[in-house]
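Please read them next to the sequence and the coordinates.

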Amino acid sequence: TTKVMTAILILENCNLNDKVICGYDAIVSVPVGYTNASLQVGEEVSVKDLLYMLLIISANDAANVLAEYAAGSIENFAKMMNDKAQELGCQNTNFVNPSGIHNKNHYSTAYDLSLIARYAMKNEKFREIVKTTTFTVEPTNKYNARAYTTINELLIMNNAEKPDNYYYEYATGIKTGYTDSAKNCLIASAYKDNIELISVILGALQTPEGVSQRYVDTKALFNYAFDAYTIKKIKEKGSSYQEIVVPNASRSTRNLNLVLENDITVLVKKENANKTLSPEVSINQNLQAPIEAGTVIGTISYTAEDITYTTNLLAANDVKEETKLNIFLKLLLLIIVLFIFVKLNGINKKKTKRRKKVRRRR
């Protein structure tokens, strides 16, 4: 499962068409008993083919070769892995190698691995690789073409009606794992009815009948989630939320319409699908003109099943600042109005005094 992080860094930092020369240390450092792709010292293999070996057959020699190519050494690559893990919000993960070969200082959790997998599945090339069932490595300077089949049995179609038929029609990946200490592990993904799920099973064993619990439990989790949950769209991208008045703005642009930057789509239990969700809105303090359309003005959040979904609120229109000339003209108009008011008031007072004098004379 470590190899998911390795793949992320390779996809983000390397050219898939580059040729890599397999180094001696990268190959001989893989302990006996660990999966490998039989890479040879001095063999030239493309980054793309190494990635397929890494993710489809879990080749540990491919992991080392890629790490050395990307970072110069296993140690440097491990630092990149840990930096990325922190960036993704992992709190209980530490990597010391790119393969997952056992080390007491190399560890993670189901939650952290789900964060890593969710991030990885946003990469289209990663998605393409992890759902691949068979692939062929291009001929190299050491080998002719080589064909491989995935070791993720959720993806292998099997019509046999027996307990160890692990095929799952909605499965889309992701990565198996095993060491003597970690036991059978599986990060899996599935897609059905516009819902995409990720599950993580760690430390799984086999039943007395020889059935692998990592696949059985994964399918049970997926079936439960697909049966119990549905997707509900709360707000659409570009939809209006509210209109606010911006101080110091021109009269014609002071009313600012706020719109959503992205859709708000939530995962809810089917029994709660018709319940109304109330938003939490945060508007930036001390808003002042000028404001350009598209500027982030605040955020809007909806919480469903203890998960909060947030998007930005954007300015839908430009807001122009009141110009000095407009301010001057307004002040001048105010002065003129006041002057006229005073004059009229004075005239009225004089008329009133005259009337009083006329009355007195009478």
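Which residues are buried in α1?

1. In α1, the buried residues are K3, V4, M5, T6, A7, I8, L9, I10 and L11. Buried here means under 20% relative accessible area, with exposed over 50% and partly exposed in between, for a 1.4 Å probe and protein chains only. Helix α1 covers residues 3-13, and because nine of its eleven residues are buried, it is largely enclosed by the rest of the structure.

2. On sources: this is a predicted model, in which local features need pLDDT of at least 70 and side-chain atom pairs count only at pLDDT 80 or more, while totals for chains, interfaces and linings use all residues. Residues are numbered from 1 along each chain as its sequence is written, and side-chain values use heavy atoms, with hydrogens and water left out. Helices (H or I, at least four residues) and strands (E, at least two) are DSSP runs, numbered from the N terminus.

3. Helix α1 packs against α3 at an angle of about 165°, and their axes are 10 Å apart. Axes are lines fitted to C-alpha atoms, for helices over the stretch in contact, and angles run from 0 to 180 degrees between N-to-C directions. The two helices are therefore roughly antiparallel to each other. Angles under 35 degrees count as roughly parallel, over 145 as roughly antiparallel, 65 to 115 as roughly perpendicular, and the rest as oblique. K3, T6, A7, I10 and L11 of α1 make the contact with V47, L51, L54 and L55 of α3, contact being heavy atoms within 4.5 Å. The α1 and α3 crossing is left-handed, which applies if the near helix is turned anticlockwise from the far one by less than a right angle; clockwise would be right-handed.

4. Helix α3 (residues 47-56) also packs on helix α4 (residues 60-71), at about 140° and with the axes 9 Å apart. That angle makes α3 oblique to α4. This crossing, of α3 and α4, is left-handed. From α3, V47, L50, L51, M53 and L54 meet A62, A63, V65, L66 and Y69 in α4.

5. β5, β6 and β7 form an open sheet of three strands in that order, with antiparallel pairing. Two strands pair if DSSP finds at least two bridges between them. Since β5 and β7 stand at the edges with a single partner strand each, one side of each is left without a neighbour in the sheet. Neighbouring strands are turned by 5° against each other on average, direction ignored. Between the antiparallel strands β6 and β7 there are eight bridges, and K192 has I195 in β7 as its bridge partner.

6. Helix α6 (residues 110-120) packs on this sheet, touching β5, β6 and β7, and its direction makes about 140° with that of β7. D112 lies in α6 and counts as buried, because its relative accessibility is 1%. Leaving aside neighbours within four places in sequence, D112 is in contact with C90, Q91, N92 and T93. From D112 to Q91 the C-alpha distance is 7.1 Å, across 21 residues of sequence.

7. Helix α8 (residues 213-228) has its end C-alpha atoms 22 Å apart, which agrees with the 22 Å that 16 residues should span at 1.5 Å a residue; the expected span is 1.5 Å times one less than the number of residues. Its buried residues are R214, Y215, T218, K219, F222, A225, F226 and A228. The cover over them includes β5, β6, β7, β8 and β11.

8. β8 and β11 pair in the antiparallel sense over six bridges, with K232 opposite V266 in β11.

9. A five-stranded open sheet has the order β9-β10-β14-β13-β12, with antiparallel pairing. Its edge strands are β9 (240-245) and β12 (280-283), each pairing on one side only. The twist averages 25° from one strand to the next. Three bridges join β10 to β14, and L260 is partnered by L313 in β14.

10. G298 lies in β13 (residues 296-304) and counts as buried, because its relative accessibility is 3%. Not counting residues up to four places away in sequence, G298 touches S282, I283, N284, N312 and L313.
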